[in-house]
Amino acid sequence: MAARRSRPRERERQRPRDPAAGNDQVHSWTLVTSQALDTTWRVAKGSVTLAVSFLVGTLCYFRRLHLYLGHWLKRWIGYLQRRFKRNLSVEAEVDLLNYCAREWKGETPHAKLMRKAYKELFWQRHIKCVRQVRRDNYDALRSVLFQVFSQGLSFPSWMKEKDIAKLPEKLLFSQGCNWIQQYSFGPEKYTGSNVFGKLRKCVELLKTQWTEFSGIKDYHKRGSMCNVLFSDAILECKLYEALKFIMLYQVTEAYEQMKTKNVIPSLFRLLFTRETSSDPLSFMMNHLNSVGDTCGLEQIDMFVLGYSLEVKIKVFRLFRFNSRDFEVCYPEESLREWPEVSLLTENDRHYHIPVF
């Protein structure tokens, strides 16, 4: 009986399995795995996309922040530079030929002439550098006074014999020059009775500064002091007005000498032959009052300036290259022992300082 009951089970074990059932099982496992992988990929893809988007957004934010901070920092640095940098009216030395190449690039006849003139200065006159001077109606006075101070030149002989701070009152009380009240301080016009006090302060400042510079033997120290002085526009204007007044004083003295039939330098005779400067008043009203305001010094004024300071002003007039007027001196009849200062000009209106 046991043998008979066991036969169906044996037959069941020996019966071959259905292939379709195995395929269904493999397919189900493959489907589950594929779904799991697809789900995992979608999750990973979403995470990666989110991370990349966040990274790109962060980079864009920091880029904009960098640009904003850079722009703000640039403006702040510019403000600090303008606030604390000395606004020098006489700049540092630059190479002469480099300056020429920067300023005269064209191929016009005038540009070619200027380049030839600068090469003449560099190779034949041994001028290697140039100091640019601020272009305004004081630049001739500025160019001369800067060199007087930087070279430590002493007072003119006539100034050593007089207290120049008292010259404004002398013109008024000793020589009766009431018209001095119409003197103009550059852009300022008529100042009335206050003119004497203002002129005295200007002349006293010139005397003080000149005494200080002439007493310093160290060239580099004088240069540092010049950088400080020629970055103060208010002090500069006072010094230039003092120079103008000294020129007026010398013209007045020469005019008084001429009236008494005394011999005067030829430059003053030439000055008084002009209708616009036939006497000190007309010289002041028609010429000197405009200096610093609407015009600079004319050539005849340069003669008076050189004579008043007892310096020989040598000027290289570049636009007159290849002519006898290329190099001129003011005054022409200067004494041999007078010190020399040099200027260069491209148009007889604005001047720079050549450096040998």
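Is Glu-310 buried or exposed? Glu-310 is buried, with a relative accessible area of 15%, a value that falls under the 20% limit for burial. The structure is a predicted model.

**Helix α5**

- Helix α5 comprises residues 139-150, and 12 of its 12 residues are buried, so that the helix is mostly covered.
- The buried residues include Asp-139, Arg-142, Ser-143, Gln-147 and Ser-150, together with Leu-141, Val-144, Leu-145, Phe-146, Val-148 and Phe-149, among others.
- Just after α5, Gly-152 adopts a positive phi of about 65°.

**Packing of α5 against α10**

- Two packed helices are described by the angle between their axes and the distance between the axes.
- Helix α5 packs against helix α10, which covers residues 233-259, at an angle of about 95°, and their axes are 11 Å apart.
- That angle makes α5 roughly perpendicular to α10, because angles of 65 to 115 degrees are classed in this way.
- On the α5 side the contact involves Leu-141, Arg-142, Leu-145 and Phe-149; on the α10 side it involves Glu-236, Leu-239, Tyr-240, Leu-243, Lys-244 and Met-247.
- By class, the residues of this contact between α5 and α10 are 7 nonpolar, no polar and 3 charged.

**Packing of α5 against α8**

- Helix α8 spans residues 195-214 and packs with α5 at an angle of about 40°, the axes being 8 Å apart.
- The two helices α5 and α8 are therefore oblique to each other.
- Leu-145, Val-148 and Phe-149 of α5 meet Leu-206, Gln-209, Trp-210 and Phe-213 of α8.
- The contact of α5 with α8 consists of 6 nonpolar residues and 1 polar residue, with no charged residues.
- Leu-145 and Phe-149 of α5 take part in the contact with α10 and also in the contact with α8.
- An α-helix has 3.6 residues a turn, so residues three or four places apart point the same way.

**Packing of α7 against α10**

- Helix α7, residues 167-174, also packs with α10: the axes come within 11 Å and cross at roughly 35°.
- The crossing of α7 and α10 is left-handed.
- Leu-167, Pro-168, Lys-170 and Leu-171 of α7 are in contact with Phe-245, Tyr-249, Thr-252 and Glu-253 of α10.
- The residues of the contact of α7 with α10 divide into 5 nonpolar, 1 polar and 2 charged.

**Backbone geometry in the loops**

- Most residues other than glycine have a negative phi, and most peptide bonds are trans.
- Glu-310 has a positive phi near 55°, although this residue is not a glycine.
- Glu-310 is located in the loop between α13 (299-309) and β3 (312-317).
- Lys-261, likewise not a glycine, has a positive phi of about 70°.
- Lys-261 is found in the loop between α10 and α11 (266-273).
- Lys-261 is exposed, with a relative accessible area of 74%, whereas Glu-310 is buried at 15%.
- Tyr-330 and Pro-331 are joined by a cis peptide bond, with omega about -10°.
- Pro-331 sits in the loop between β4 (327-330) and β5 (340-345).

How values were computed
Residues numbered from 1 in each chain as written. Predicted model: local features only at pLDDT ≥ 70, side-chain atom pairs only at ≥ 80, totals over all residues. Heavy atoms only, no water. Axes fitted to C-alpha atoms, helices over the stretch in contact; angles between N-to-C directions. Helix = DSSP H or I, 4+ residues; strand = E, 2+ residues; numbered from the N terminus. Parallel < 35°, antiparallel > 145°, perpendicular 65-115°, else oblique. Contact = heavy atoms within 4.5 Å. Nonpolar A, V, L, I, M, F, W, Y, C, P; charged D, E, K, R; others polar. Left-handed = near helix turned anticlockwise from the far one by under 90°. Expected span 1.5 Å × (residues − 1). Buried < 20%, exposed > 50% of the residue type's maximum accessible area, 1.4 Å probe, protein only.
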